[in-house]
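Dear colleague,

Please find below the structure that I am handing over to you, followed by an account of what was found in it. I would be grateful if you could read the two side by side.

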Amino acid sequence: MKLFSKLSILLLVVIAMSTQAAQAKGEKSVYVFGIATSFQDSTMYVTAIQQLDSVTIDKKSKALSGIHQLNKQFSTYLHTISKVEYVEVLYYQEDKKDIEKKYIKICKRFAGDKAYKMITIPTDKFAYFNNHGVVEVYGVTHKLEGKPIEED
């Protein structure tokens, strides 16, 4: 009987801890854009600002889960247009105005620098997609590889 009560208490503790961990993470909608630069090339690529729904952000660390997958998507796209290795950086914010400010700041910074040739990648060429394979870009819903979803 003592073993049963100890196992029951242990099970309750595990459930409570997993509930707290689940509450520390929450699905949200975020706005993202990426930049990519290379030490071998003076070209810098910038994606358009895009909205990703149902992403998980850890409340404690503020880290976006799956960020490496989003960078891998951008890297894969860049390999289709160039054989140069790029370093990709993803910026994200929950507030659209905050991400727009960051986007403008970065674009102004590099647009004035003659050492870089900045190329903006439109959403019809590249769009991020989350784990569900869906992204919304300026009100148009896209599924995987940036192809618009046709509404019935």
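K28 forms a salt bridge with E94, and the closest N and O atoms of the pair are 3.4 Å apart. Because K28 lies in strand β1 and E94 in the loop between β4 and α3 (96–111), this pair ties together parts that are 66 residues apart in sequence. A search of the whole structure finds one salt bridge. K28 counts as partly exposed, at 30% relative accessibility, and E94 is likewise partly exposed, at 43%. Please bear in mind throughout that this is a predicted model.

As for the overall architecture, the chain contains three helices and eight strands. From the N terminus on, these elements run α-β-β-β-α-β-α-β-β-β-β. Of the 152 residues of the chain, 34% count as buried. The accessible surface comes to about 10300 Å², and 57% of it belongs to carbon and sulfur atoms. Among the contacts with a separation of 6 or more, 66% are made by residues 24 or more positions apart.

Five bridges join β2 to strand β5 (residues 117–121), and the two strands run parallel. Within this pairing, the bridge partner of M44 in β5 is M118.

Next comes the loop between β1 (25–37) and β2 (43–47), which is the place of F39. F39 has a relative accessible area of 85% and is therefore exposed, the cut-off being over 50%. Together with V87 and V89, F39 forms a nonpolar patch on the surface, with about 340 Å² of accessible area in total for these residues. V89 lies in strand β4 (residues 87–93) and counts as partly exposed, at 33% relative accessibility. The C-alpha atoms of F39 and E85 are separated by 8.4 Å, although these residues are 46 positions apart along the chain.

With a relative accessible area of 17%, N71 is buried. The buried residues of α2 are L70, N71, Q73, F74, S75, Y77 and L78. The length of the helix was also checked: at 1.5 Å a residue, the 15 residues of α2 should span 21 Å, and its end C-alpha atoms are 22 Å apart, which agrees.

One backbone angle remains to be reported. Most residues other than glycine have a negative phi. The phi of K62, however, is near 65°, a positive value in a residue other than glycine. K62 lies in the loop between β3 (50–58) and α2 (67–81), and at 56% relative accessibility this lysine counts as exposed.

With kind regards

Note on methods
Residues are numbered from 1 along each chain as its sequence is written. This is a predicted model: local features need pLDDT of at least 70, side-chain atom pairs count only at pLDDT 80 or more; totals for chains, interfaces and linings use all residues. Side-chain values use heavy atoms; hydrogens and water are left out. Helices (H or I, at least four residues) and strands (E, at least two) are DSSP runs, numbered from the N terminus. Buried means under 20% relative accessible area, exposed over 50%, partly exposed in between (1.4 Å probe, protein chains only). The expected span of a helix is 1.5 Å times one less than its number of residues. Patches are made of residues with over 30% relative accessible area and no salt bridge: like charges are joined within 9 Å, nonpolar side chains (Val, Leu, Ile, Met, Phe, Trp, Tyr) within 5 Å. Accessible areas come from the Shrake-Rupley method with a 1.4 Å probe; for residues, only the protein chains shown count as cover. A salt bridge is a side-chain nitrogen of Lys or Arg within 4 Å of a carboxyl oxygen of Asp or Glu. Contact means heavy atoms within 4.5 Å. Two strands pair if DSSP finds at least two bridges between them.
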